[in-house]
Amino acid sequence: MSGNRQDRIRIEHAQLRWEADTPVSGRFDDIYFNKDGGHAETAHVFLDGNRLRERFAAVETGDFTIAETGFGTGLNFLCARALWLRLAPPPARLHFVSVEKFPLRREDLSRALAHWPEFADGSTQLLAQYPPGAPGFHRLELDDGRVRLTLMLGDAIDSYSQLEARVDAWFLDGFAPAKNPDMWQPGLFAQMARLSHAGTTLATFTAAGFVRRGLQEVGFAMEKAPGFGRKREMLRGAFGGAERPLSAKPWFELPRLSARPRSALVIGGGLAGCSAARSLARRGIRVQLLEQSGALAGGGSGNRQGALYAKLPVKPTTQGMLHASGLHYSHQLAARLLQDHDWAPCGLLQLALNDKEQRRQQQLIDEACYPPELVRGVCAADAGALAGLPIGHPGLYFELGGWVSPPALCHALVEHPLIEHHTDTRIERLQQADSGRWSAHAADGRRFDADTVVIANATAARGLSHSAQLPLKPIRGQVTHGPQPGTLPALRTVVCGDGYIAPPLDGHYAFGATFDLRDDSETLRKDDHRRNLETLAGALPDLAAAIAQQPLDGRVGFRCSTPDYLPIIGPLPVHERFLEDYARLRQDRKWRFDTAPTHHRGLYISVGHGSKGLLTCPLGGELLAAMICDEPLPLARDIVDALNPARFIIKNLIRGSI
């Protein structure tokens with residue numbers, strides 16, 4: 001991500017003044033909705049302008065995607081949601097994508113939404129999941145998944161250039177062109193054309209000639225229509241259709257399936273596999289989940305407590321934005337699925353244990369790229385008050401942080417009527433028939449068949465021929481368990497320094513973990529307990545000293561990591577074809593290719609989540625399901641490309657190492 005773009009995506013909240021119950025933008029001196037009937041105006045301009053009543057009623061089991069150019073108070077979204085729930089059949093899903101450069105603060109949004117008590121149910125769900133004002137994509141789920149909202153915080157042109165979707169209807173909204181000319185630009189119209197298909201419609205309240213001409217130039221047939229209320233005219237249009245050209249990086253193009261699969265195999269019963277299974281099942285796909293150990297979460301996902309934690313860089317990076325989006329999504333998922341005993345939204349402290357880290361954290365606060373509702377600085381005294389124990393260092397506090405039981409989350413994820421899971425099932429071989437159907441052959445001779453396959457078995461993926469080339473490495477980690485000392489009050493928040501410790505669960509603390517490369521021992525070691533206690537003493541010396549007097553136990557697990565410490569999520573490339581099709585990269589990294597990538601049809605992977613699986617696995621499952629079902633992706637395209645399994649082939653071709 002370039003420095004210029006980093007500067008442009010720093011988010012500022014909307015500055016409002018109120019005229020009675022109507023919010024007015026102080027920046028643009030324009031109203032957020034019509035004082036004489038905001039709901040009626042939305043119905044006339046956007047719902048009727050896109051013929052959504054008859055189109056929603058005609059939907060059978062598929063999806064429908066609306067994209068909007070100004071989220072504002074969410075009124076258009078709530079109106080579309082209400083119409084969808086009234087007219088569309090239950091199996092169908094509405095995807096609503098919107099962008100907002102200056103989001104309302106939660107309290108302002110709540111005040112604005114109180115204007116429409118008829119939308120109280122939708123407003124409550126929206127407010128409960130409303131994201132912090134962090135740049136990037138945020139995925140919200142309403143009505144048990146029947147309605148999904150992807151809210152992009154940032155500049156409209158930048159955000160839509162990062163979206164992958166097939167839009168069926170556009171709500172071209174936002175403040176009037178005379179008030180906010182920066183949005184109504186040819187760059188936005190070009191992105192609208194890129195994301196549209198033959199039959200995509202649009203509607204907008206404005207009748208400005210330059211808007212009409214700009215949309216015509218990119219392929220929309222436009223016409224004037226009667227406006228709402230005192231406004232004489234508005235615009236509506238339909239896209240004529242044009243084939244989308246290959247991108248400048250064609251190796252990252254995603255395969256388009258001719259039909260949504262009816263069935264799927266997911267290999268691996270940890271967080272990555274259970275998340276993918278859940279996301280697929282919620283889209284009506286029957287899933288068989290295959291786990292090689294004797295229980296779900298038998299491998300790296302088996303720790304009794306894991307920290308819900310994003311370590312953010314000073315300025316947004318690909319990894320930082322992935323973690324910020326994942327923190328919000330996983331927090332909401334845990335709130336929906338887990339009982340109080342299995343997680344705690346108790347916040348998280350990231351301590352600055354040395355001068356270098358203290359300078360980095362101060363720089364992060366000074367740059368102000370992240371909102372205080374996501375992360376804020378605290379002094380040592382405030383950190384101690386949050387933790388409930390003395391702390392001698394300042395730090396960062398993450399209000400959305402906390403701890404989650406990964407095994408409990410795995411079991412909750414697979415509690416779905418379309419998911420059937422099999423343990424003690426080690427898959428040795430995958431085979432695809434001429435029909436495209438896949439077969440997974442287990443070590444004991446059993447065979448499992450489905451339309452599509454997701455490999456999510458961590459480093460065991462190297463044992464399957466289709467994924468054997470991926471550079472996965474196991475990293476041993478030993479967690480220490482110790483009884484809660486009776487001499488000290490219980491820790492109230494997760495504390496991270498060089499390691500982590502969570503508040504006690506069932507009278508025991510869990511803390512660690514070691515980070516051991518090239519170590520395959522599964523045996524608990526006293527020396528590693530000692531190392532974990534020394535690490536804990538750097539953050540909480542009194543607690544470490546008290547726990548050291550207790551009998552200790554623990555667990556050994558293996559993180560699955562990658563060379564760039566980003567997970568691998570996406571369609572699996574055919575390795576030999578990539579080497580052949582993109583061989584010219586060895587001589588010229590800027591060569592413009594016209595060759596689409598070749599993938600193993602219907603074969604996907606989600607591995608390499610390392611120590612941040614609680615953040616990346618659930619959102620990674622949504623990403624895979626969206627790819628497989630040809631839905632709007634929940635992450636920016638820069639992030640999706642950075643996670644693509646083909647990235648290692650391309651990097652090595654450019655380096656000339658293969």
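# Helix faces, open space and backbone angles

Q: Which strands do the buried residues of helix H13 pack against?
A: In this predicted model, packing rests on contact, meaning heavy atoms within 4.5 Å. Helices (H or I, at least four residues) and strands (E, at least two) are DSSP runs, numbered from the N terminus. Buried means under 20% relative accessible area, exposed over 50%, partly exposed in between (1.4 Å probe, protein chains only). The buried residues of H13 pack against strand S16 (348–351), strand S17 (376–378) and strand S26 (494–496).

Q: What pLDDT does the protein chain average?
A: Residues are numbered from 1 along each chain as its sequence is written, and side-chain values use heavy atoms, leaving out hydrogens and water. A score of at least 70 is reached by 96% of the residues. The protein chain averages 93.

Q: Within what arc do the buried residues of H13 fall?
A: Helix H13 spans residues 380–387, and its buried residues are Ala383, Gly384 and Ala387. The arc is that of the directions from the helix axis to the C-beta atoms. Seen down the axis of H13, the buried residues line one face, because they fall within an arc of 100°.

Q: Which residue follows H13?
A: This residue has a positive phi, near 80°. The residue that follows H13 is Gly388.

Q: Which residues of helix H9 are buried?
A: H9 covers residues 209–217. Its buried residues pack against strand S8 (167–172), helix H8, strand S9, strand S10 (220–226) and strand S11 (233–239). The buried residues of H9 are Val211, Gly214 and Leu215.

Q: Within what arc do the buried residues of H9 fall, seen down the axis?
A: An α-helix has 3.6 residues a turn, so residues three or four places apart point the same way. The buried residues of H9 are Val211, Gly214 and Leu215. They line one face of the helix, because they fall within an arc of 95°.

Q: Within what arc do the buried residues of helix H5 fall?
A: H5 runs over residues 106–113, with Asp108, Leu109, Ala112 and Leu113 buried. Seen down the axis of H5, these residues line one face, because they fall within an arc of 130°.

Q: What is the volume of the largest cavity?
A: On a 1 Å grid over the protein atoms alone, a cavity is a set of points where a 1.4 Å probe fits but cannot get out; a pocket is an open set with protein on both sides within 12 Å along at least five of seven lines, and lining residues have an atom within 4 Å of a point. Points join across faces, edges and corners, and volume is the space filled by probe spheres set on them. The structure holds six cavities of 30 Å³ or more. The largest cavity has a volume of about 110 Å³.

Q: How many residues in the lining of the largest cavity are charged?
A: The lining includes Glu164, Arg166, Leu254, Arg256, Met627 and Asp630. Ala, Val, Leu, Ile, Met, Phe, Trp, Tyr, Cys and Pro count as nonpolar, Asp, Glu, Lys and Arg as charged, and the others, Gly among them, as polar. Seven lining residues are nonpolar and none polar; the charged ones number five.

Q: Which helix gives the largest share of the lining of the second largest pocket?
A: This pocket holds about 1,300 Å³ of space. Of its 49 lining residues, Glu164, Ser247, Lys249, Glu253 and Arg637 lie nearest its centre. H8 (186–195), S9 (196–204), H19 (637–643) and H20 (647–655) each supply at least two. The largest share, five residues, comes from H20.

Q: Where is Ala513, which a cis peptide bond joins to Gly512?
A: Omega of this bond is about -10°. Ala513 sits in the loop between strand S28 (508–512) and strand S29 (516–517).

Q: Is Arg518 buried or exposed?
A: Arg518 lies in the loop between S29 and helix H15 (526–539). Its phi is positive, about 50°, although it is not a glycine. With a relative accessible area of 80%, Arg518 is exposed.

Key. pLDDT = per-residue confidence, 0-100.
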